[in-house]
Structure formats: C-alpha cells, structure tokens
Amino acid sequence: MQCIANIGSKEMAEAFGYDIPKLLVSGDTMDVVKQSAALCLLRLFRTSQEMIPSGEWTSRIIHLLNDQHMGVVTAATSLIDALVKKNPEEYKGCISLAVSRLSRIVTASYTDLQDYTYYFVPAPWLSVKLLRLLQNYSPPDDPGVRGRLNECLETILNKAQEAPKSKKVQHSNAKNAVLFEAISLIIHNDSEPNLLVRACNQLGQFLSNRETNLRYLALESMCLLATSEFSHEAVKKHQEVVILSMKMEKDVSVRQQAVDLLYAMCDKTNAEEIVQEMLNYLETADYSIREEMVLKVAILAEKYATDYTWYVDVILNLIRIAGDYVSEEVWYRVIQIVINRDDVQGYAAKTVFEALQAPACHENMVKVGGYILGEFGNLIAGDQRSSPLVQFQLLHSKYHLCSPMTRALLLSTYVKFVNLFPEIKHNIQEVFKQHSNLRSADAELQQRASEYLQLSVIASTDVLATVLEEMPAFPERESSILAVLKKKKPGRVPENEIREGRSPNPAPTGNHTEAVSHSKPSAVSANASADLLGLSTPPSSQPTAPSNTGMLVDVLGDMYGGQQQTQQNNSFAAAQSYNPKKFVCKNNGVLFENDLVQIGVKSEFRQNLGRIALFHGNKTPFPLQNYETTISSPGDQASKLVIQVKPMDPILEAGAQKLQVLNGECVEDYVGKWLKFK
C-alpha cells in the first residue's frame, strides 16, 4: 500500500479500487494497516476521481471517525475531507461524528492523549483537520450537534486566553493553529454573534503581537469578520491600530493586509477618515501596492460620498499624489459622475482649473481637466481669473508636454471651446492651423486638426451647437473599477459589503452584496484586447441598442484605445445575421450571429501572408457539444493558397468565448471564391 500510495496511477486505481476500501473498513485489519489504507485510497482518489467508494462503503468510511486509534482517525479525516469536496451530500453524516470527535479532543487534558499531544496541545493536527472538514458544510441543523460544536469553539477561544503552559514556540504555534482554524469555522458558519465578536476581540490582541506571522493572520481573518453583520462593529473598534499597522509595519505584506482590512471595515460612518488616511499613506506607500490602493480609494470615495464635491476632491488628490497609478477606469469614472450630476459640475470645473495651474501637472490631470473644461468651462468663465482665454491658454500650455492620445483629447476640447466661447474662436483656429498639427506624424492628430478647423470655418452657429452639444448622461452599469480590482487579486479581494448573517436555525444564505453601480465611457473597455466581441457580459443578457455614449470617442475620447472597441460594440448590437460584405472595407467585426452563437473576425494581411482570428462565442446558458469549424476549397485551387488552422475544443462552454487562428500564405494568383468556411 505504501508503494501504491507513492507511485499510484490511474491503472492502479482501477485495479485496487475495490480491495483497498474493503481492507480499510474490515474489522480484522490492524490499525497501522487501516491508516496506510486510508492514505493509499486518498492518493488513488486524487489520481482518479471516478473511483469514489459509494453505497455501503459511505457510512463505514464515515464511522472511521469513531475509531479508537488516533492515527486511523487522522488519516480517515483527510480521506473524508477529499471525498466530501466531491460529493458533499453523500458524506453529510460525517458532521455529527466530526463534532463528537472534536469535542473529545478539545475537552481532553494533555495526559489523556499523551501519544498525540504536541507541546501540551492535544492532537493539534487532527483538530485542524476536523475543523476544516466542518467548513465544507453549513452549521448543523440538529440543535444538539450545533450546541456541542459551539461549546467546542468556545473552549478553544477560552484556552487561547489562558497562560501558556510552555514558553517554547512550538506550543504557541500548535495552539494558534487550532485557534485560527476555529475562527475560520466561526466565520464560515456566520451564525453565532457571541462567537464572532469573541473571535474579533481575540484577533485584536494579536495585532500588537511581536510575531509578524500572527499579525498578518489576524489582519487576514479580520477582513472576513468585517463582512459579517454580527462582527462588523467589533472590527471597527480596532481601526486606529490597523491604521498604525498600515503606516508603521516593517513587512510590506502586513501593510498590504492592513490596507485590505481598512477597505473591508469601511462604511458610511468612517469612510472620510479611512479614505483620508489611505490618501496620506499613499504618498509614501510601496510601489507594489499603490495601484491597488488607488482603486480601493476610488471605490470607497464613490460608494460613501454624501457630498460629491468631496468625491471630486479625493479623485483629483489621487491623480496628484499617484498619477502614474491611476488607471483609465478611475478617471473615466469621475468624468461620468460629473456629467451625471448637475450639482457638482461647476465645482468640478473650478477645482480642476485650479489643479491645472500647478507647475508640474500629471498627464491624467490634463485629461480630466481637458474633458471637464470642454464640457463645463462656461460655468466658471464669468470670473476674470478663469476667463475663456485663460482656460484655453492654461490647457494649451500643457499641450506639447503630453502624449499624442492626450493631445487628441485636447484638440477635441478646443473645438468644444469654439462652441462655448465664440470670442476665442480665432485663437483656437490658429492652433488647428499649426504645422505641427496639420502635418503631424500622428495621423489621428492630423485628421482631428484638419476636420475641426473646417468644422469651425464652414459650420453655422446652430450646426456647431448641435454637433458639439453637452454630453448626455451616462447609463449606470456594473462597477468597472471593482472588476479591475478583482482581476488584480482574484479570490482575495475583501468584500466591502456587510453580509446578512445566518439565522440560528436555517439553511445557509448566500453572500448578499449590493453591486456598486459604475459605468464608464462605452468606447473603452478593460477587456478590449481580450474580449473582441463584448461577450464578457452574462450570456443570458441581450445586447442593448447603441447609446449616444459613443460621443465620448467622437468628441473627447480615446481614439487610440477606444475607437476599435466602439466599432466592435456597434457591430455586436447591429449584426444579427451573416453579413460578409462589410469586410470589403474593414478587417474587424462580427461575421455571423444568431440566438446561439456569435462569430467575430479580426484579421491582418501583409503582402502574401495573412492571419485571421475567429472568436467563437456561446450566447446560451448551456455548453455547445461537437462544435467544430471546417474550411474547404475547390480542388484545382488548393495548391495556390496554403491555410493552417489551429484546432478547437469541440465543447464550447456556456457564455464562453474561444479563439481560433488561421494562418494563410498565397503561393500563386487565384481567381473566384476560394475559401468556404463552415
């Protein structure tokens, strides 16, 4: 069995899949052999998960938790934990036995389990395994079992406060291992307010411990406690210590965890204080965590803003302090909020005008300033200190220091000024006429300068007012900033929503979180490069009609990063059938679409070589089986065009999008329709 456990293969699992479980549950088997059989079966199960003992084996394996030999129980717990993850309902009977065994260990003295006591801690490894096993299920339905489990957890918390029986580090390590696993189970169950608050208080004591690992683990567990309605207030009591940890800790990972906890404990009562502390720390924060901190500050500022002038101040401070780490999603969002809220537009224009007067101004500030002044500069134009000409000169003083993308945005701002401030029309036309713009090496700047110049010359006042009217309000969408944060730390972003705790006797409830409403300019997507067809939305949702938010690209948007995505979004909404003719004039777009699938094309050609990327998207909530593509050609033409096709998986999962690449080389001239795609 030891040999099989070490070199076990799928073939061995098939060969011994019956004999080893039989040996494991036999009454005649020696304890040491049972222990080896449990570990061997665990190895084979991990090798081939189809080999799951079921039926009569289930209850007999579960009852190994009652075995008199602690080694057998320890090995069986590892096996049962793996089986539970695969088939939780079948092995649900292990809950009461696991609680019973845990109760016996927790209440035992270190002399009762002398052979399995480690530095005065009875069977710490088995205790941890049992606590992890119970985290696969919701709190026990049986009141007796539930009460016994709560007694065990209370006992573990009580022992953590007792004076240590040994000064050796092994004793504290073993005791704390059991304690942290018990706290994890308390958080998982989320049903006992008293236990949750006690766990929080115990963790709070570790925040000042001299052991770095303990401080880190305490902060990590408190992030989870902060999301429970029962313990959220208790976590907030430790706010000052956590802020101190963020600023003073030597270990960057502990500082990072402190930032995570501040984000998790933030609510409307302490938002301004936490955001200000994070802004203060941001100036000296480690470079590795600055971008994530910027995202968190932006999310908290928007979510808990009662006065949106405060929100505008926070975002502009973010750009001033850490402009290099402010992603596009963040400054897009502040623009959207300003456009959607009439009460903050004048303040935003005034504040950004003042920010632009700084000698050293980050390019992201120039982008925000250009956009907001282009829309709402007229609201502050009555003051001589911010007259139309002063606004224009201030923006243009930054023009030559910016990248082509920002210059393009500023040119759009200037043409907006032509409509807002006719008195400076001549000054703006002179900028459009400059050699560096009309003959710029950048095609986008050339095109904007020449078209805006002609628009300002030939268009009447009414036409200008129509073409350059104020941006309409943006529709609210799911948080793009939150999505970016989760993408950076998948599975580790602490929730900033307080979950509803489980009631004392119920089936468990889910993690009810309220989505933070965010939207961003439709022209720019965080997934623009990865998701050609916009299938990142749930497959059941229907494409919405194109809104006039695309004006952001046409007038003040990112033509470099967003133009292609806008075309794709429009194509996604419009293409409902097979329409190959549009590819005569462009290389990208939706080739075919119906209720089941959407197929997009992105292609590039150079001389006799070509590459075509096909994006196959499943729009249904079900996987598509036997999905394949075939390419055929007339027999007499096959040698003239060589096509290499990357094979595809025949299963297209629900809501998934898969890429297939075709590489082609034209060897000889050919005529007629050569390629047929199915």
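Colleague: Quick one to start: what span should the 14 residues of helix H12 have at 1.5 Å a residue, and how far apart are its end C-alpha atoms?

Modeller: They should span 20 Å, and the end C-alpha atoms of H12 (residues 212–225) are 20 Å apart, so the two agree. Bear in mind that this is a predicted model.

Colleague: Which residues of H12 are buried?

Modeller: Leu-214, Arg-215, Ala-218, Leu-219, Ser-221, Met-222, Cys-223 and Leu-225.

Colleague: And what covers the buried residues of H12?

Modeller: The cover includes H10, helix H11 (193–206), helix H13 (232–236), helix H14 (239–248) and helix H15 (252–265).

Colleague: OK, over to H20. How many residues does it have, and how far does it reach?

Modeller: H20 covers residues 342–356, which is 15 residues. From first C-alpha to last it reaches 22 Å, close to the 21 Å expected.

Colleague: What do the buried residues of H20 pack against?

Modeller: Four helices: H18 (308–322), H19 (328–340), H21 (363–376) and H22 (388–399). Among the buried residues of H20 are Val-344, Ala-348, Val-352 and Leu-356.

Colleague: Changing topic. How many salt bridges are there?

Modeller: The count comes to 19. In general, side chains of opposite charge can pair when their charged atoms come close.

Colleague: Let's take Asp-81. Which residue does it form a salt bridge with?

Modeller: Asp-81 pairs with Lys-85, and the closest N and O atoms are 3.0 Å apart. Both sit in helix H6 (residues 70–86), four residues apart, so about one helical turn separates them.

Colleague: Why does four places work out like that?

Modeller: An α-helix has 3.6 residues a turn, so residues three or four places apart point the same way.

Colleague: Is Asp-81 buried or exposed? And Lys-85, buried or exposed?

Modeller: Asp-81 is buried, with a relative accessible area of 18%, while Lys-85 is exposed, at 54%.

Colleague: What about Glu-181, which residue is its partner?

Modeller: Arg-132, with the closest N and O atoms 3.1 Å apart. Glu-181 is in helix H10 (residues 169–189) and Arg-132 in helix H8 (residues 124–134), so this pair ties together parts that are 49 residues apart in sequence. Glu-181 is buried, with a relative accessible area of 12%, whereas Arg-132 is partly exposed, at 48%.

Colleague: Which residues are linked in a network of salt bridges?

Modeller: Glu-233, Lys-236 and Asp-267.

Colleague: Now Lys-619. Which residue does it form a salt bridge with?

Modeller: Glu-593, with the closest N and O atoms 2.8 Å apart. Lys-619 lies in the loop between strand S7 (609–618) and strand S8 (631–632), and Glu-593 is in strand S5 (residues 588–593), so the pair ties together parts that are 26 residues apart in sequence. Both Lys-619 and Glu-593 are buried.

Colleague: You mentioned strands. In what order do the five strands of the open sheet come?

Modeller: The order is S5-S6-S7-S10-S9, with antiparallel pairing. S5 and strand S9 (641–645) stand at the edges with a single partner strand each, so one side of each has no neighbour in the sheet. From one strand to the next, the twist averages 25 degrees.

Colleague: How many bridges do the pairs have? Start with S5 and strand S6.

Modeller: S5 and S6 (residues 597–606) pair over five bridges. They form a hairpin with three residues between them, and Phe-592 stands opposite Ile-599 in S6. Next, S6 and S7 pair over 10 bridges, with Gln-598 opposite Gly-617 in S7. Then nine bridges join S7 to strand S10 (residues 657–666), where Gln-657 is the bridge partner of Gly-617.

Colleague: Which residue takes a positive phi in the hairpin of S6 and S7?

Modeller: Gln-607, with phi near 50 degrees; that hairpin has two residues between the strands.

Colleague: What about Ala-123, where does that one lie?

Modeller: Ala-123 lies in the loop between strand S2 (121–122) and H8. Its phi is positive, near 40 degrees, and it is not a glycine. Ala-123 is buried, with a relative accessible area of 6%.

Colleague: Last one: is Asn-626 buried or exposed?

Modeller: Asn-626 is exposed, with a relative accessible area of 67%. Asn-626 lies in the loop between S7 and S8, and has a positive phi of about 50 degrees although it is not a glycine.

Conventions: Residues are numbered from 1 along each chain as its sequence is written. This is a predicted model: local features need pLDDT of at least 70, side-chain atom pairs count only at pLDDT 80 or more; totals for chains, interfaces and linings use all residues. Side-chain values use heavy atoms; hydrogens and water are left out. A salt bridge is a side-chain nitrogen of Lys or Arg within 4 Å of a carboxyl oxygen of Asp or Glu. Buried means under 20% relative accessible area, exposed over 50%, partly exposed in between (1.4 Å probe, protein chains only). Two strands pair if DSSP finds at least two bridges between them. The expected span of a helix is 1.5 Å times one less than its number of residues. Contact means heavy atoms within 4.5 Å. Axes are lines fitted to C-alpha atoms, for helices over the stretch in contact, and angles run from 0 to 180 degrees between N-to-C directions.
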